[in-house]
Amino acid sequence: MSISELEFQAASVEGGPEQAVEGRSQWQLTWRRLRSDKVAVIAMITIVVMVGLAIAAPALASLVHHPPNIAYPNTGENAVGNPVGPGTNGFWLGTDDTGRDLMVRILYGARISLFVGVLTTAIGTVAGVAVGLIAGYFGGVIDAVLARFTDAVLAFPYVVLALALAIIYGPSLTVILAVISFFAWAGIARIVRGQTLSLKEKEYIEAARSLGAGPFRIMFIDILPNLLAPVLVLATLYIPAAVVFEATLSFLGLGIQPPTASWGNILAGAQPFYQVAWWYVVFPALALLITTLAFNLLGDGIRDAMDPATERLLAGRRRRGGRTGKSAATDTTGTARDSVTRPPAALG
């Protein structure tokens with residue numbers, strides 16, 4: 001290419017319309033990385049489908065004409081009184097021990113489990129962030145008291161407290177919400193406290209203090225936005241833990257009580273029938289497994305997407321993949337060229 005051609009191309013570029021360079025925020029970069037994670041996308045779709053089915057549970061019950069707490073002994077049980085299988089007499093997933101529609105009860109159980117998981121995680125997140133910010137920012141006696149109280153909560157056997165409250169006040173949804181919310185905040189508070197201790201020594205915090213900003217403005221305006229990433233990851237991982245804990249208490253008879261449907265008490269009722277009615281055990285257990293696994297995979301995906309090193313890791317993999325493809329092509333071309341130019345070996 002001649003010098004004149006290069007000058008002409010440079011002049012055409014300079015004379016072209018100016019294009020604004022649009023920057024991307026941290027959340028835009030996170031969303032772009034998350035969309036490229038196929039496992040996280042599948043987990044997100046699974047959660048949306050499960051939430052949609054839980055919300056639409058009354059509509060689906062009306063569609064099949066099987067309310068959740070109505071038993072059908074004539075069509076929902078066989079001749080010996082055992083549950084009927086999937087697809088029998090209009091029961092898509094079979095029935096339970098009293099002839100109730102198992103699919104409808106699983107969907108209503110999803111409403112309870114997701115409600116408990118989301119609400120307790122929200123309460124624990126708000127309380128944990130508040131305690132962690134106050135302890136980490138003020139330090140001193142306040143930090144010592146709150147940190148020791150957090151350690152005591154983390155060390156306390158929460159199952160024992162749940163058993164005690166269930167015996168004293170009786171098993172109920174309120175007891176479950178209180179127990180899970182009480183123990184959900186401590187782990188988040190510890191993470192937030194550690195991050196706050198690090199962030200409050202940054203230069204921009206010192207600048208805010210020098211400009212007369214108060215402690216609460218610094219905590220909730222300057223420090224809190226930088227804590228959203230780890231808090232969001234922890235909250236996503238706490239939801240399945242709360243769902244499993246609710247199912248465990250209901251399975252032990254200390255949580256949601258029949259006839260209200262819950263995945264835990266459905267599995268508890270299925271114990272005597274696991275040999276004659278496999279669907280009674282498999283379908284509620286599968287719903288619990290899929291939901292908790294989806295939340296855990298989504299939490300892992302969000303954690304990776306919020307890590308700036310993930311972008312460099314993906315870029316490095318793409319570069320290595322490109323170099324591997326080029327080297328393979330070069331080797332193939334070189335091998336073909338050698339096979340043409342080099343004479344074949346002499347036969348023995």
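The model is predicted, so local features need pLDDT of at least 70 and side-chain atom pairs count only at pLDDT 80 or more, while totals for chains, interfaces and linings use all residues. Residues are numbered from 1 along each chain as its sequence is written, and side-chain values use heavy atoms, with hydrogens and water left out.

**The cores**
- The largest nonpolar core has 30 residues; such a core is a set of buried Ala, Val, Leu, Ile, Met, Phe, Trp, Tyr and Cys residues joined through side-chain atoms within 4.5 Å, where buried means under 20% relative accessible area (1.4 Å probe, protein chains only).
- Leu102, Ile106, Trp263, Trp279, Tyr280 and Ile302 have the most contacts inside it.
- At least two residues of this core come from each of α3 (38-55), α5 (102-138), α11 (228-251), α12 (263-270) and α13 (278-305); helices are DSSP runs (H or I, at least four residues), numbered from the N terminus.
- With 10 residues, α13 gives the most to this core.
- Apart from it lies another core, of 19 residues, including Leu177 and Ile256.

**Around Ile106**
- Leaving aside neighbours within four places in sequence, Ile106 is in contact with Leu93, Trp263, Ile266, Phe283, Pro284 and Ala287; contact means heavy atoms within 4.5 Å.

**Where α5 meets α11**
- The axes of α5 and α11 (lines fitted to C-alpha atoms over the stretch in contact) come within 8 Å and cross at roughly 135°.
- That makes α5 oblique to α11, as angles under 35 degrees count as roughly parallel, over 145 as roughly antiparallel, 65 to 115 as roughly perpendicular and the rest as oblique.
- Among the residues that meet here are Val116 and Thr120 in α5, and Tyr238 and Glu246 in α11.

Notes: Buried < 20%, exposed > 50% of the residue type's maximum accessible area, 1.4 Å probe, protein only. Axes fitted to C-alpha atoms, helices over the stretch in contact; angles between N-to-C directions.
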